[in-house]
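Subject: Handover of a structure and the findings from it

Dear colleague,

Please find below the structure that I am handing over to you.

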Amino acid sequence: MSVMLEVTSVSKNFGGVVANRDISIRIEQGEIVGLIGPNGSGKTTLFNSIVGYHPVDAGSITFEGREITRLRVPKIARLGLLRTFQQTRIFGKMTCMENMAVSLPNRQEGLMAAFSRLSTAAIDRAEELLEFVGLHSKRHLRGGDLSFGQQKLLEFAMALMNEPRMLLLDEPTAGINPTLINGLIDRLQRANQQLGITLLVIEHNMRVIMNLAERIYCLAHGQLLAEGEPSAIQNDQRVIDAYLGAS
Amino acid sequence: MVENLILLLENPVALLDLILQGLMMGAVFALIAYGMALVWGVMNIINITQGEFVILGGFVAFYFSEWGISPLLAVPMAALILYVIATGLYLTPIHGLVFANRLRPWLLAAGVFVASAAGFFVSGASLVPAVKESVANWGSLAPAVAIGVDSLLVTIPVMFVVGGGLYTTVLRHIVGRDLFTSILATFGISIFLQQFMNEALTADVEIANHGLDTWSFVGGDITIEQIRLIALIFALLIGVLLALYMRKSRAGQAIRATAQNPRAARIMGIDTDRVYARTYALNAAICGSAGALVAMIWAVQAYGGLVYTLRAFMVVIFAGLGNLVGVIVAGLGLGVAENLAGFILGLEFQIAFVFGLLVVVLIYRRIRLSFARKVLS
Amino acid sequence: MSAGGIQRDPFNRTTLLILLAIAAIGIAGPFVAADFTKQLTIFWVMVLISYTWDTMGGQMGYNSFGNIVFFGVGMYASAIVQIAPYTDLTAYTAAGGQGSALVLDLGQYFLGLGLGALAAGVSGLLVAVIVGSGILGLRGHYFAIGTLALSIFAAEMVSGWELVGGGSGITMPGYPGTTIASEQEKTLIFYFLCFALAGTAFSLLQWLYSTRFGLAINAIRDDEDKAEAMGIKTARYKTMAWAISGFFLGICGALYGNLLIHVDPRDTAFDGAGLGVWMVLMVVLGGKGTFWGPLIGAVLFHVTKELFWSYLLGLQYIALGILIVVIVVFFPEGIMGWFRAHYPHWFGEKVEPAKEAGEASS
């Protein structure tokens, strides 16, 4: 298996606050890896650094062997590394189908591609993915009119539509009705197995991440605290202390 | 252009003079900018009407220099006094008891505003010559300096009232909406005021006569008009007073609290509606005082307000909201830069320079932010 | 109604019928109401500047107060192309640009006009691309104010440019012939030119909105950061949108300039506080980002403005100011927006009548 994402000694400060200090993680292709840690430990900042939302102060990041440390968000997204947002962002005034349509991958887009109309294959795929997340019946509704949970599913479907190689998910189950979480976990696993998408997932819901992830990284106070398989992490005293605020 | 630049570099005294003039100019800009920052920070409104308030204040000063005291003043003054009462009623705690609903003070204020506007219109055309005649008969009643200072003292409360009235009738509906809405709405008010002033007051370019001297140094190469120095001192004084007001007084604290978190302020019992009205009126007063200075130093004309608005905007975005010292520095800097540009590029390009600079500042700010990318845009 | 499962095609039968009716009225207009031809011509100018503004402000969410720059650039570019080949430009403007100093025959005039319009369109497009490279990086109100400053900057710079007459402006070549008949001919020709331009721009834009371009700019409007995060080349689309607006506005400026004959930088070409803001208001009034919005806004605004200017001269800006405030305060979504909120099914939009149980909702 090849290395999908390699983060080496990445640090990021905001003014006086050290959000990430010297963090190194590695994700292999096809894995589902979890990223946990108490609030304020720097998880989302790490995501932002990886996808090029802001420059890092130190360290390097490579994706599929390619150096992406200095690249910006749109470029990295076109390379196949996508992220979803904690607050769930979709295009509110456009219908679900339009949200899907605009999520078509545009790797090699010449100038004329801007004037293309939607192909039947693309429409079929959009409907297929909306069906996959259970939003098919709502496909002509405006994105902004969906409930929060439905928007989360739409965002996920849009990410899949973009045919990413790797997906960074920021708290995919936050705010979701507990009875529907199993369905979401199932879909994440299917996306990983059937579509071959590597996943790095930030999660606060321990039940979810312990069942979903093969490996887990734990951050605390901006630093990497522990790494290992779910069972090991669950029993790691340092992790427990970090969450309970002992350290 | 290059010749002018060389001329400056060869004449450090001339350069110093230009810089001094620019600093004194800049003090006024900083004042106007502070008012704009206030409204922007507290109410999330970009007040395009800022320049018109300045011009209006300037006109009040002009008229006071023209009139002295005259019986014909009673017509608009009475309307204004009523207006003060109406706005005052709105701003006092009594209104909640006296008026059963919130609509009546709105209507009353609107009614008085329209009445005084009508009064201005009707008397406007014949007002100025009649007043001039009256002053000629009665004579100037105060020494020049006193008139100049009087202008300032009257301008401030008058503008406070005008600003409060505008808030009550229009802006209250704009607060809390997006900034683009505020730009359009205040633009509408500004073109209203522009023609209003043009028709009701005068279309001419007017100066308020202050009758003060000019000091000259270095054999006439450096001149400091007393009025400009007074303007600088006044600007700083008003700035300090404002800073103290915001920091020490209850009302000022209420304004700051509302700016930071309106909802929390309301929960704490602050009447945010009043705070907004007061803030906007305060801004109008600041502009009014700046305008009085402008009328005394330069000139005012009904349609000449936009430049002041955009200068203020430039200072605010350069300094950043909530940065009082930055606003002062940026304001002074703009004054100097503009004055130098006027000399080097030629007066006909001075305004082009101001607006071109604004565009450059915006782009520069964007580039700087995108390099830092510290904040989600 | 829907094109491939996505309802981006508004060209259903009702719409097409209405458009045809409008086209018919447009063609018949100058013959039926000959006295108002000039006002009608200006009306089509208003329609064009509304729809091109809507591309930026309504569809893409970039409220530009600087679109007028392309209008003015086109006007002046055309003036230069129309005058310079036939006479010395410096001498022409120095002489106050008396139109009679430049007498052209029909062939020369139309050649000049054609080339001028082409130069105008290209200039508008180029300015959009070049200026856009810096300005389109600004967001929200910074973009708005920045473009406003740009329009005034342009006005002031051109006012200082002696080659094209500086602050006093420049005179376009007069239409050949001095008879009333030739004057009527000119009025008619320019009417149809403006009408055709408006129609072309409208059609092209509606077609564009049905392509990937339309989806992309809507995405930029709804959430630009998200659009970037999905890999959309936002910079490219923003520039394209402005370039297209710039192209049409440039040509429109050329036509308008020729209509007025004498143009000056502050009041005609780069009228930032006039035409530059009216295009915004018309679209806000009609409804940003809607199919009919800019047209409705143009109609209402133009008619109202003509009434104000005719009957309230001296107070027309006061009335206009009040109108603006009323529009902004009470019609933030515009007329079409209001209809869309209250009668969404008219627009083919689906709304759930009630929450259905057992769906994927939380």
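Predicted model: local features only at pLDDT ≥ 70, side-chain atom pairs only at ≥ 80, totals over all residues.

Chain A contains an open sheet of six strands, whose order is 6-7-8-3-9-10 and whose pairing is mixed. Which strands stand at the edges? They are strand 6 (81-83) and strand 10 (223-228) of chain A; each has a single partner strand, so one side of each lacks a neighbour in the sheet. From one strand to the next, the twist averages 15 degrees.

Strand 6 of chain A pairs with strand 7 of chain A in the parallel sense, over three bridges. Within that pairing, Arg83(A) has Leu168(A) of strand 7 as its bridge partner. Strand 7 of chain A is in turn joined to strand 8 of chain A by five bridges, and these two strands run parallel. There, Leu169(A) stands opposite Val201(A) of strand 8. Strand 3 (residues 32-36) and strand 9 (residues 215-220) of chain A also run parallel, with four bridges between them. Gly34(A), for example, has Ile216(A) in strand 9 as its bridge partner.

A helix also packs on this sheet: helix 1 (residues 43-50) of chain A touches strand 3, strand 6, strand 7 (166-170), strand 8 (198-202) and strand 9 of chain A. The direction of helix 1 makes about 150 degrees with that of strand 7 of chain A.

A closer look at strand 7

Are the residues of strand 7 of chain A buried or exposed? Five of the five are buried, so the strand is largely enclosed by the rest of the structure. In a regular strand, side chains alternate between the two faces of the sheet. In strand 7 of chain A, Met166(A), Leu168(A) and Asp170(A) point one way, while Leu167(A) and Leu169(A) point the other way.

The two domains of chain A

Chain A is divided into domain 1 (1-80 + 164-247) and domain 2 (89-107 + 116-163). The centres of these two domains, taken over C-alpha atoms, are separated by 25 Å. Eleven residues from domain 1 and twelve residues from domain 2 take part in the contact between them. On the side of domain 1 that touches domain 2, helix 6 (residues 178-194) of chain A gives the most, with three residues. That side of domain 1 consists of seven nonpolar, two polar and two charged residues.

The secondary structure of chain B comes to 15 helices and two strands. Of the 377 residues in chain B, 46% are buried. Among contacts in chain B with a separation of 6 or more, 82% are between residues 24 or more positions apart.

In soluble globular proteins, nonpolar side chains tend to be buried together. The largest nonpolar core in this model has 293 residues, and those with the most contacts inside it are Ala157(A) and Val315(B). Helix 2 (residues 12-43) of chain B supplies the largest share of this core, 17 residues. The core also draws at least three residues from each of domain 1 and domain 2 of chain A. Leaving aside residues up to four places away in sequence, Val315(B) touches Phe29(B), Ala30(B), Ala33(B), Val327(B), Ala330(B), Gly331(B) and Leu334(B).

The contacts made by chain C

How many residues of chain B are in contact with chain C? There are 35, and they meet 35 residues of chain C. The elements that give two or more residues to this side of chain B are helix 8 (179-201), helix 13 (306-319) and helix 15 (350-372) of chain B. Helix 8 of chain B gives the most, with 15 residues. The residues on this side of chain B divide into 24 nonpolar, seven polar and four charged.

Chain C also touches chain A, in a contact that takes 29 residues from chain C and 42 residues from chain A. On the side of chain C, helix 8 (212-222), helix 9 (224-229) and helix 10 (234-260) of chain C each give two or more residues. The largest share, seven residues, comes from helix 8 of chain C. This side of chain C holds twelve nonpolar, nine polar and eight charged residues.

Yours sincerely,
A colleague

Terms used:
Residues numbered from 1 in each chain as written. Chains lettered and ligands numbered in written order. Core = buried A, V, L, I, M, F, W, Y, C linked by C-beta atoms within 7 Å. Buried ≥ 20, exposed ≤ 12 C-beta atoms within 10 Å, placed from the backbone. Domains from an automatic or database assignment. Contact = placed C-beta atoms within 7 Å. Nonpolar A, V, L, I, M, F, W, Y, C, P; charged D, E, K, R; others polar. Pairing = 2+ DSSP bridges. Axes fitted to C-alpha atoms, helices over the stretch in contact; angles between N-to-C directions.
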